[in-house]
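Keep the model open as you read.

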Amino acid sequence: MHSTSASTRRRWDRTRHPAYRHRGLKVAPTSTSLLLRTGQSGRCTMCGNLIEWYDRTGHRPVALHPNELPTSVIPPACRWHVSSGTAYPAGDGTAWCRIPHTLLCPGHDGPDPLTPHLAELRRRLALQTRRLIDAGVFTSTTAEPTPAESRAAGCRPARPVVQLLYGRYLAIRPVEDIQCVAQTRARHRCTHPVLTPGAPAGVWTLMPATAMRGQLALPGTGMAVYDLTHLPYAEQLRWRTQRCPAHAATPVAADLARAEWELFDPLLHHQHIHPRLPLTATSGQKQRCEQSNSSWAGEG
């Protein structure tokens, strides 16, 4: 049922309301980040469902389920809350909470047993993953790799350690696949990689797993590091902000995703420490890589 009274733009005292204009989202020039608040969402690479990225204490990223859930149906150990843009692994005393996506992700082994509410939510996400796969818009990364892919993965770290700006960072994907996070004019994420042809690249080198910024070290352990410290400061800053050369030259363009760097800790990320240098996919290097893999198997 609709009101028959004519709408008016005047107040009770017959004065006019001020005219408001709808303005697009903009980033303040004094902001330390070019990331729009609405651009922190993404999709899980394991199941294709929506997630939201937040930084927790220590600047470590965490993927949370995009919806809030009633606290009464979530175990206390699984409750998270967000305060001032930072995620904390605890409840905040309210009737709603957040939960990590890995708890519900169909691509991961969930904790056993799950509460009925979480089990039903996990089943719904699994059905959504199946719909995405059937529609051809998502390819699961949980498929068994071929022998050739397994050999290439042994010579190509899935999450390499990168040294730049006097710090070490853990990348979320191989160096060649790190994608620009800037927003294009069509309001999509830039598809260009950070490591573009013609731009100066880093070098793989063996470095000791020494402590940095108060972190603990693994004594006597060496690891492969993609070193960028020989590049100019502007080029290292481009890598740190995760931008292609074109968008690095246009700083007014906002970021559509968060920079996918994580501060490297040799104890927390010990599974990503590789004691041998990775090789590129040339014919001679492939042969050397296969010989190296066979020698590692013989040592085991």
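What follows covers the strand pairings and then the cores.

A quick note on ground rules: this is a predicted model, where local features need pLDDT of at least 70, side-chain atom pairs count only at pLDDT 80 or more, and totals for chains, interfaces and linings use all residues. Residues are numbered from 1 along each chain as its sequence is written, and side-chain values use heavy atoms, with hydrogens and water left out.

Start with S2, residues 50-56. Strands here are DSSP runs of E, at least two residues, numbered from the N terminus, and two of them pair if DSSP finds at least two bridges between them. S2 pairs antiparallel with S1 (residues 41-43) over three bridges, with Gly 42 bridged to Ile 51. Six residues sit between the strands of that hairpin, and Gly 48 takes a positive phi near 80°.

S2 also runs antiparallel to S3 (residues 60-64), joined by five bridges, while two bridges link S2 in parallel to S6 (residues 86-88). Asp 55 stands opposite Pro 61 in S3 and has Thr 86 as its bridge partner in S6.

Now for the interior. A nonpolar core is a set of buried (under 20% relative accessible area, 1.4 Å probe, protein chains only) Ala, Val, Leu, Ile, Met, Phe, Trp, Tyr and Cys residues joined through side-chain atoms within 4.5 Å. The largest has 13 residues, and those with the most contacts inside it include Val 162, Tyr 226 and Trp 261. Strands S8 (161-164) and S9 (167-171) are the elements that each give two or more residues to this core. A second, separate core of 10 residues includes Leu 69, Cys 78, Ile 99 and Leu 104.

Methods
Buried < 20%, exposed > 50% of the residue type's maximum accessible area, 1.4 Å probe, protein only. Helix = DSSP H or I, 4+ residues; strand = E, 2+ residues; numbered from the N terminus.
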